[in-house]
Amino acid sequence: MKTDPRWMAAAIALGERGRGRTAPNPNVGCLIVSGDAVVGSGWTQPGGRPHAEAMALEEAGALASGATIYVTLEPCAHLSSRGPACADLLASSGIERAVIALRDPDSRTDGRGIDRLRAAGIEVEIGIGAQDAERSMAGFLTRLRLGRPYVTLKLAMSLDGKIALPSGESRWITGEDARAHVHAERSRTDMILVGRGTYNADNPKLDVRLPGLEDRSPRRALLTRGEAVDGWSRIGAPEEIFGLHDVNDLMVEGGSGAASAFLQADLVDRMLIYRAPIIIGEGKSSVGYIGLTALADAHRRWAFVDSRPLGIDRLEVYERVRN
């Protein structure tokens with residue numbers, strides 16, 4: 001049991017491989033361990049099938065008997081035309097012990113998968129690695145709990161908070177390492193959104209241009225009250241993301257108007273701030289009016305969770321504090 005956190009961390013890392021490709025299903029990771037050896041591994045495949053547990057069980061075969069399974073989310077318990085319930089597969093696999101990071105909030109499974117495993121004589125432990133699993137599957141969990149995608153706001157700015165010169169010139173504020181990191185973040189996103197101003201000024205591709213990840217470019221969305229654009233989803237207001245039932249992770253990438261609109265609607269869950277070591281002075285601010293009327297209301301809303309250098313630039317990560 002002392003090694004449970006290590007194996008669960010590995011399962012969560014496997015689940016990250018599917019992030020941005022599994023919606024509306026969760027990006028689950030799974031390991032099957034016999035003794036000190038991994039005999040099966042899996043993660044939710046593009047489009048949501050096969051599930052992580054089914055993939056790991058197929059790899060393990062007979063070696064699953066007597067083994068321990070580490071899975072980041074409670075195995076599904078509902079029937080589907082796309083495949084059997086993972087709880088049933090595990091119940092008949094010979095698995096001896098199941099370590100599960102999180103219960104599944106989906107009403108079709110919530111607790112039923114765990115009950116089915118225990119009824120089959122499998123020892124079940126819940127909660128190891130829960131916090132990291134929450135972050136990994138934040139998109140799916142937010143959609144189930146709040147009815148909308150998990151929203152990440154990306155801002156690339158100068159030290160004085162500017163995203164462009166007065167002329168509108170903004171390429172490039174940050175260096176190559178920071179831009180590569182943005183592309184990696186895009187690859188883990190179902191949909192990426194910009195405002196009409198950014199679309200008109202830059203005509204952005206919003207694709208992933210990292211070697212080996214070119215096929216993981218997200219769907220594109222345009223925040224506009226005007227006409228739709230071919231190849232782009234049209235979102236008239238931030239609140240319309242509640243209608244995106246097949247999007248787990250949404251990234252808002254530009255510009256100031258879109259950022260301000262989502263912040264004012266309190267629909268940003270995570271901020272990625274790429275800060276370049278430059279001073280612009282007069283220029284375009286990263287955000288505009290967000291509805292703040294008292295400075296006291298600005299405090300205790302954001303929690304700092306990470307910071308790292310990216311070449312000459314620095315990334316800061318913040319998460320929205322919600323009750």
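This is a predicted model: local features need pLDDT of at least 70, side-chain atom pairs count only at pLDDT 80 or more; totals for chains, interfaces and linings use all residues.
Residues are numbered from 1 along each chain as its sequence is written, and side-chain values use heavy atoms, with hydrogens and water left out.

**View 1. The whole chain.** The protein chain has nine helices and 15 strands. Helices (H or I, at least four residues) and strands (E, at least two) are DSSP runs, numbered from the N terminus. The radius of gyration is 21 Å, close to the 20 Å of the globule rule for 323 residues, so the chain is as compact as a globular protein of that length. That radius is taken over C-alpha atoms, and the rule is 2.2 Å times the number of residues to the power 0.38. Along the principal axes, the C-alpha atoms fill a box of roughly 65 × 45 × 40 Å. Buried residues make up 51% of the 323; buried means under 20% relative accessible area (1.4 Å probe, protein chains only).

**View 2. The largest nonpolar core.** This core has 38 residues. A nonpolar core is a set of buried Ala, Val, Leu, Ile, Met, Phe, Trp, Tyr and Cys residues joined through side-chain atoms within 4.5 Å. Met 8, Ile 32, Tyr 70 and Ile 95 have the most contacts inside it. Elements giving two or more residues to this core include α1 (4–16), β1 (29–34), α2 (52–60) and α6 (138–146). A second, separate core of 23 residues includes Val 151, Met 191, Val 252 and Ala 258.

**View 3. Around Ile 32.** Contact means heavy atoms within 4.5 Å. Leaving aside neighbours within four places in sequence, Ile 32 is in contact with residues including Val 39, Leu 57, Ile 69 and Ile 95.

**View 4. Helix α6 and its cover.** The buried residues of α6 are Ala 138, Gly 139, Phe 140, Leu 141, Thr 142 and Arg 143. Their cover includes β3, β4, α5 (130–136), β6 (150–157) and β11 (249–254). Gly 147 follows α6, with a positive phi near 80°.

**View 5. Helix α9.** This helix spans residues 256–264. Its buried residues are Ser 256, Ala 258, Ala 259, Ser 260, Phe 262 and Leu 263. Of these, Ala 258 is also in the second core.

Terms used
Buried means under 20% relative accessible area, exposed over 50%, partly exposed in between (1.4 Å probe, protein chains only).
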